[in-house]
Amino acid sequence: MKRTIFYIFAIAACLWMLPGKADAQILDRGLSLSSMPSFTQKGTWMVGGTGSWTVHRNDNYSFIFSDGMTSTGYNVKVSPAFCYMLKDNLGIGVRAGYSRSNLKVDEANIGFGDLGMDFSDIHTLKHHYEINALMRNYIPIGKSRKLALYNEIQMGYRFGVSKIAGRMEEGYNGNYTDDRSIQVNFCPGIVGFANDHWAVDVNVNMLGLTLANMKQSQNQVEKGSLNVTKMSFQVNILAIGFGLYYYL
C-alpha cells in the first residue's frame, strides 16, 4: 500500500514538473515582430507597383504542334499598390491591377500525327481588372535594415471579358466570355533598399485559392457557363514579379 502511494506521488510530481521543463526548452527564434530590428517603421507609407509589357510577331513560325504560324500580339499588365505600416515591419494596404492581351493570327496549322486543323483570321482580345486588400509583414535578414524577406497576403476580386473570333473550316465563329472570381494569394519575396527611400522587390505567387464563374456566349446564340474552384501550391518561375516601391 505504501509503495502504491509512493508511486502515485512520484508520477504526480513528474507530471507537475513537465510544463516547467517544457517551458525551459522553448527557444526564442527571433520571429516575433516585437523582437526584430525595424526594417519599416510604424507610420511609413509604401507606394509603387509592378508592370510588364511584351510585343511579339511570328512569321511562318513552327513550334511542336503548330506549323506555319503568322501572328502578331501584345500583353500589358500594371499593378499599382500602396501600404501603410500599422507597426514596425507590418503594414496593410490596397493593390489594384489591370491586364490586357491581344492576339491576331493570320494563319496557322495545328497537327497531331495524321490529324490537322487549319486556322485563319483569328483575333482574341482579353482584359481584366482586379482589386485586392493586402497585408505585408517583413523579416529582416540578420540585423540589416537594407535587405529583408517578406510575405504579402492578398484577398480580392477579379473580373474581365474576353472575345475570340475566327474563320475555321466550318465557317466563322465568335465567342464572348464574362468571368469573375474571388481570390486569396500568398506571395513571399525579398526586398532590398537602393537608398533611403527606393526599394526593389522580387516575389512569386506561391499559394493561391480561386473561386471563379465564367459565362460564355457563342455567335450570340448558344450560351454556357463554367464554375471553377482551384487551389495551387507551387513555385512558378513564369509568375515571378519585380516591383519598384517608394517608402516615405
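Start at Asp178. At 22% relative accessibility, Asp178 counts as partly exposed. The terms are these: buried is under 20% relative accessible area, exposed is over 50%, and partly exposed lies in between, with a 1.4 Å probe and protein chains only. Arg180 is partly exposed too, at 40%. The side chains of Arg180 and Asp178 meet in a salt bridge, 3.3 Å from N to O. By salt bridge I mean a side-chain nitrogen of Lys or Arg within 4 Å of a carboxyl oxygen of Asp or Glu.

A word on what you are looking at. This is a predicted model, where local features need pLDDT of at least 70, side-chain atom pairs count only at pLDDT 80 or more, and totals for chains, interfaces and linings use all residues. Residues are numbered from 1 along each chain as its sequence is written, and side-chain values use heavy atoms, with hydrogens and water left out.

Back to the charges. How many salt bridges does the structure hold? Five. One of them joins the side chains of Glu130 and Arg158, at 3.7 Å from N to O. That pair links distant parts of the chain: Glu130 sits in strand 4 (residues 115-140), Arg158 in strand 5 (residues 147-168), and they are 28 residues apart. Strands here are DSSP runs of E, at least two residues; helices are runs of H or I, at least four; both are numbered from the N terminus. Glu130 is partly exposed, at 22%. Arg158 is partly exposed, at 24%.

Next pair. Glu152 and Arg136 meet through their side chains in a salt bridge of 2.7 Å, N to O. Glu152 is in strand 5 and Arg136 in strand 4, 16 residues apart, so this pair also links distant parts of the chain. Are these two buried or exposed? Both Glu152 and Arg136 are buried. They also belong to a network of salt bridges that links Arg95, Arg136, Glu152 and Asp201.

Now the overall fold. Along the sequence, the pattern reads α-β-β-β-β-β-β-β-β-β-β. Of the 248 residues, 29% are buried.

On to the inside. A nonpolar core is a set of buried Ala, Val, Leu, Ile, Met, Phe, Trp, Tyr and Cys residues joined through side-chain atoms within 4.5 Å. The largest one has 14 residues, and Phe39, Met46, Met85, Tyr138, Val191 and Tyr247 touch the most other members. Strand 2, strand 4, strand 5, strand 6 (171-193) and strand 10 (240-247) each give two or more residues to this core. Strand 2 gives the largest share, three residues.

What about the cysteines? Cys83 is buried at 0%, and Cys187 is buried at 6%. The disulfide count is zero, where a disulfide is a pair of cysteine sulfur atoms within 2.5 Å.

Last, the surface. Trp45, Val47, Phe82, Tyr84, Leu86, Ile92, Met135 and Leu248 make a nonpolar patch of about 700 Å². Patch residues have over 30% relative accessible area and no salt bridge; nonpolar side chains (Val, Leu, Ile, Met, Phe, Trp, Tyr) are joined within 5 Å, like charges within 9 Å. Areas come from the Shrake-Rupley method with a 1.4 Å probe; for residues, only the protein chains shown count as cover. Strand 2 supplies the largest share of the patch, three residues. Leu86 lies in strand 2 and is partly exposed, at 42%.
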